[in-house]
Amino acid sequence: MKFETISVVGLGYIGLPTAAVFASRKKKVIGVDVSVGAVALINQGEVHIVEPDLDMLVHAAVSAGYLRATTEPEPADAFLIAVPTPFKDGHVPDLSYIEAASKAVAKVLAPGNLVVLESTSPVGTTELMAGWMAEVRPDLRFPQAGGEGADIYIAHCPERVLPGHVLRELVHNDRVIGGMTPCCSEAATELYRTFVEGECIVTTARTAEMCKLTENSFRDLNIAFANELSIICDQQGIDVWELIRLANRHPRVNILQPGPGVGGHCIAVDPWFIVSQNPDESRLIRTAREVNDGKPGWVVRRVEQLVDELVSVDGRRLDDVRIGCFGLAFKADIDDLRESPALSITLDIARKFPGQVFSVEPHIKKLPAALEQQGVELTSDDVALTADVLVFLVDHKEWKGKQFVFESHQKVLDTRGIVFRV
Ligand code: SAJ
């Protein structure tokens with residue numbers, strides 16, 4: 001099977017790096033995105049997202065003529081669909097982006113083409129996608145009807161890369177490949193072999209879908225355990241980070257780190273896909289989500305207590321209290337503020353103490369409008385460090401392990417366990 005022209009639909013945090021990596025292996029890559037702005041930027045060799053080394057790779061791929069972007073799908077040998085799968089009200093998965101992308105791709109399909117769904121999806125979505133494409137192209141045989149004799153190969157191969165390390169993990173991680181038929185898996189394996197140095201492990205589409213949801217649910221559960229411990233330890237006067245360090249010395253214990261909550265568009269979302277399909281059976285998975293979703297509210301209540309102490313014990317005027325919030329991104333060393341607990345906490349604090357909140361976020365140049373509306377000021381470390389209450393929300397390398405000197409009256413809430421007090 002020859003895959004010379006590869007189309008990547010959805011040029012976001014997963015699609016764009018994947019497109020660039022295929023292009024770096026001298027494949028002709030057509031990137032497709034509904035955003036006219038993103039397409040124009042990519043065609044100039046620039047990127048609209050922050051991911052280490054991605055800018056160089058995209059620039060090189062575009063200049064060498066291996067990568068170009070467009071808003072409408074064009075014929076290709078293989079199509080990768082990497083569009084978002086958020087959830088709607090009630091945590092119900094929203095598959096509308098996959099539906100739109102697969103119907104658009106279907107129009108340009110030709111016999112022998114491969115379509116791979118990379119977006120994280122509830123069990124059964126790959127089959128649904130095949131159904132949507134078959135609706136648009138009754139002239140083609142899809143695997144659900146044609147089996148091994150189908151004209152089109154269809155597989156699910158969930159992305160598993162960690163934001164911040166995408167280019168390394170794309171190449172080195174193992175890939176789980178779930179074809180709708182063995183032939184489909186074989187075709188998809190051949191495609192990924194273009195750049196994947198990890199193992200390509202074949203399974204069914206449904207197992208591949210569940211595998212991705214399981215990985216992120218496992219991490220969510222483990223972080224929920226750490227977050228629950230952090231609240232218990234706060235009440236018991238125990239340093240939770242020391243506790244976890246010690247417990248992790250046990251050869252069979254490996255607890256993750258507590259934080260201000262779980263953010264991003266993966267771990268905080270994907271477990272709900274399991275819950276929404278099997279609500280009665282997924283009690284642990286749902287509770288972990290609720291524990292992690294409850295953590296930002298706990299952080300805000302702790303900040304209120306600290307402000308209260310400053311007023312009632314130290315005799316400060318409430319209106320004079322200044323609060324410095326460190327970090328807005330959903331995790332360390334990235335610029336991504338989507339579904340960020342740090343952002344929602346800063347916003348909640350600003351609503352309670354309007355005009356008294358300073359925010360530091362080294363990765364952005366302008367605050368989100370919602371924060372500006374509450375009178376939050378984007379400032380430097382130096383200014384924020386003079387505040388009365390300091391809230392560390394993201395473990396960016398700028399602050400991790402740094403030795404801060406605080407005044408005795410300053411209250412510090414370190415949700416990431418990064419601050420060394422001297
Ligand atoms: N977090 C903690 N404590 C920890 C680890 C993470 O509070 O010990 C928080 C982070 O601060 C962040 C959130 O969890 O707010 C998620 O961050 P993350 O680094 O755990 O994961 P993501 O969302 O950036 O990427 C995850 C990865 N999944 C797993 O590690 C199982 C990645 O491999 C997936 O490809 C990605 O989801 C995805 O796209 O699904």
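**Ground rules.** I call a residue buried under 20% relative accessible area, exposed over 50%, and partly exposed in between (1.4 Å probe, protein chains only). The model is predicted, so I noted that local features need pLDDT of at least 70 and side-chain atom pairs count only at pLDDT 80 or more, while totals for chains, interfaces and linings use all residues. Residues are numbered from 1 along each chain as its sequence is written, and side-chain values use heavy atoms, with hydrogens and water left out.

**Asp174.** I started here and got a relative accessible area of 34%, so Asp174 is partly exposed. I found Asp174 in the loop between helix 7 (166-172) and strand 9 (175-179); helices (H or I, at least four residues) and strands (E, at least two) are DSSP runs, numbered from the N terminus. Next I listed contacts, meaning heavy atoms within 4.5 Å. Leaving aside neighbours within four places in sequence, Asp174 is in contact with Arg160, Gly198, Glu199 and Ile201. I also checked the C-alpha atoms of Asp174 and Arg160: they are separated by 8.7 Å, with the residues 14 apart along the chain.

**Two positive phi values.** Most residues other than glycine have a negative phi. I noted His91, whose phi is near 60 degrees, in the loop between strand 5 (87-88) and strand 6 (92-93). His91 is partly exposed, at 27% relative accessibility. Glu339 has a phi near 50 degrees and belongs to the loop between strand 11 (323-326) and helix 13. With 54% relative accessibility, Glu339 counts as exposed.

**Ser102.** Is Ser102 buried or exposed? I read a relative accessible area of 0%, so Ser102 is buried. Ser102 sits in helix 4 and touches Ile81, Met129, Trp132 and Met133, not counting residues up to four places away in sequence.

**Helix 11.** Why is helix 11 (residues 270-277) largely enclosed by the rest of the structure? Six of its eight residues are buried, so the rest of the structure largely encloses it. I wrote down the buried ones: Asp270, Pro271, Trp272, Phe273, Ile274 and Val275. Their cover includes strand 5, strand 6, helix 9 (205-236) and helix 12.

**Cores.** A nonpolar core is a set of buried Ala, Val, Leu, Ile, Met, Phe, Trp, Tyr and Cys residues joined through side-chain atoms within 4.5 Å. The largest has 43 residues, and Leu67, Leu114, Leu191 and Tyr192 touch the most other members. Helix 1 (residues 15-24) gives this core its largest share, six residues. Apart from it I found another core, of 32 residues, among them Val321, Ile334, Ile345 and Val391.

**Second largest pocket.** I had to learn the term: on a 1 Å grid over the protein atoms alone, a pocket is an open set of points where a 1.4 Å probe fits, with protein on both sides within 12 Å along at least five of seven lines, and lining residues have an atom within 4 Å of a point. Of the 50 residues lining the second largest pocket, Val83, Pro84, Thr85, Pro86 and Arg338 are the closest to its centre. Helix 4 (96-106), helix 12 (283-312) and helix 13 (341-352) each supply at least two residues of this lining. Domain 1 (5-198) and domain 2 (216-421) each give at least three, with bounds from an automatic or database domain assignment.
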